[in-house]
Amino acid sequence: MDNTVEKLVSLCKRRGFIFQSSDIYGGFSAVYDYGPLGIELKNNISQLWWKEMTQHNENIVGLDSGILMHPKVWEASGHIGAFNDPLVDCKQCKSRYRADEFSDDFNSLDWSKIQCPNCGSKDCFTEPRQFNLMFKTNVGPVEDSGTEAYLRPETAQGIYVNYLLVQGAMRLKIPFGIAQVGKAFRNEIVARNFIFRTREFEQMEMQYFVKPGTDDDAMHEWKESRFQFYTHHLGITKTKLRFHQHGANELAHYAKEAWDIEYEFPFGWSEIEGVHNRTDYDLVRHEEFSGKKLSYFDQLNNERFLPYIVETSAGLNRMLLTVLADSYWEDEENNRIVMKLHPRIAPIKAVICPLVKKDGLPDKARTIMDMLKNDFKIIYDQQGSIGKRYYRQDEAGTPFGITVDHQSIEDDTVTIRYRDSQKQDRCSIDKIKDIISDSINKI
Ligand code: GAP
């Protein structure tokens, strides 16, 4: 059996990428904490996405809406009524499962014949029942039904309810997009595969508002553009990516058409991002529930209409897991593990190592560090043999090792070691910045 995920979990803990939540209390299911390298990697990925959306596209702007919203938002969006997963319980061992894990057509299953995967009992399951995935909470000091609120299960709704304010403030003309990165919460029945499916996660969503009738073209363009993001910007192996179109029984309650971008994880092909044509479903519903007009006025053609919305919805944590899984490399020949992260997203761009802790080498190394640290995340390491220092950074995904030796004092040169090939070159100190920059910008 492929145990790459177990190896990744272990590396992530060892090197400070990801820890299970509340570790000293034995962990807290389906929540993870990001350590020093994890947060750098996560920030690099989300900043790349943000730049791609809001800087490269003149007609896309950003937003940061609240996690808590008016409870009516979730009635209007259909999440209170329809954001459910089918749940079955084993009466023997109390394990819980999503009924659709046993069969897509779980309502026609003869549950008395199904064996519990945990305890092996038969004829032990409850009838499937719908389980709402939203986390409920109360706002204010009194707990009653009037104070109920929900932690948002998607960031999209914050964009819909603000869309006219954003459009007016920025004088946007259709087509335009609004992008948002933020936390979302789902009380998943089964959470597994490390950070793939968790109860607290981050989404990077962009809602693109278009004139009805142009939505199919917009859908096509965004599908292609989002696929390219993985290959061109994150450096993901193209053959491990594919599209999956939702069939009629998979479509979410709001979608007319939906495509998943899937990655071939060690546990199989799984969704990392969805591109959805949500039509005017959400805006119609918000008009209905709020009583406010949400139509857009097209000055050029002197007409009002409710825009259609094409959504690109990515999970930041899943994207990070994709990057980790895709870059994990056991270099058996050299007995090392390497995270072959693209330099653009690598948490640390270079490690600066004085060969020895004397003869002025640490001071020289510190000078180089000062020269680079404004532009890149760099670390200094003088602990242990040079080989051990390099191998530590190979696991951290650091693309460059810069070693300061006695020759450096004489002629202002260093050795630069390349993570993947382990090739070493002698280069002048004033060239280091260009070498790192070039690698970051390379497609
Ligand atoms: N606004 C549309 C929407 O939320 P979705 O397909 O339910 O659509 C979009 O979610 C993305 O959010 C998924 O492709 C995935 O990357 C991420 N995601 C959803 N549930 C998740 C979970 N429990 N843990 C981690 N990521 C999740």
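The legends below describe close-up views of a predicted model.

**View 1. The shell of residues around the ligand.** In this predicted model, the ligand is surrounded by 21 residues, and the closest of them are Glu154, Arg186, Glu188, Glu205 and Glu271. By residue type, the shell divides into ten charged, six polar and five nonpolar residues. Three strands, β10 (200-210), β13 (268-279) and β16 (308-315), each supply at least two residues of this shell, and β13 gives the most, with six residues.

View 2. An oxygen atom of the ligand, in turn, lies 2.6 Å from a polar side-chain atom of Glu271. The ligand taken alone exposes 560 Å², of which the protein buries 93%.

**View 3. Helix α12 and the elements it packs against.** Helix α12 spans residues 432-441, and within the helix Ile432, Ile436, Ser439 and Ile440 are buried. When α12 is seen down its axis, these buried residues fall within an arc of 105°, and they therefore line one face of the helix. Asp438 and Asn441, on the other side of α12, are exposed. The partners against which the buried residues of α12 pack are the strands β19 (350-354), β20 (378-380), β21 (400-404), β22 (413-418) and β23 (424-428), together with the helix α9 (361-372).

View 4. The side chain of Thr398 makes a polar contact of 2.6 Å with the side chain of Gln393. If neighbours within four places in sequence are left aside, Thr398 is in contact with Ile348, Lys349, Ala350, Val351, Gln393 and Arg419.

**View 5. Asp217 in helix α6.** Asp217 is found in helix α6, which covers residues 215-233, and with a relative accessibility of 52% Asp217 counts as exposed, because exposed means over 50%. Although Asp217 and Val310 are 93 residues apart in sequence, their C-alpha atoms are 10.0 Å apart in space.

How values were computed:
Residues numbered from 1 in each chain as written. Predicted model: local features only at pLDDT ≥ 70, side-chain atom pairs only at ≥ 80, totals over all residues. Heavy atoms only, no water. Buried < 20%, exposed > 50% of the residue type's maximum accessible area, 1.4 Å probe, protein only. Helix = DSSP H or I, 4+ residues; strand = E, 2+ residues; numbered from the N terminus. Arc of directions from axis to C-beta. Contact = heavy atoms within 4.5 Å. Near = heavy atom within 4 Å. Polar contact = N/O pair within 3.5 Å; in protein donor to acceptor, adjacent residues only side chain to side chain. Areas by Shrake-Rupley, 256 points an atom, 1.4 Å probe, with all protein chains shown as cover. Nonpolar A, V, L, I, M, F, W, Y, C, P; charged D, E, K, R; others polar.
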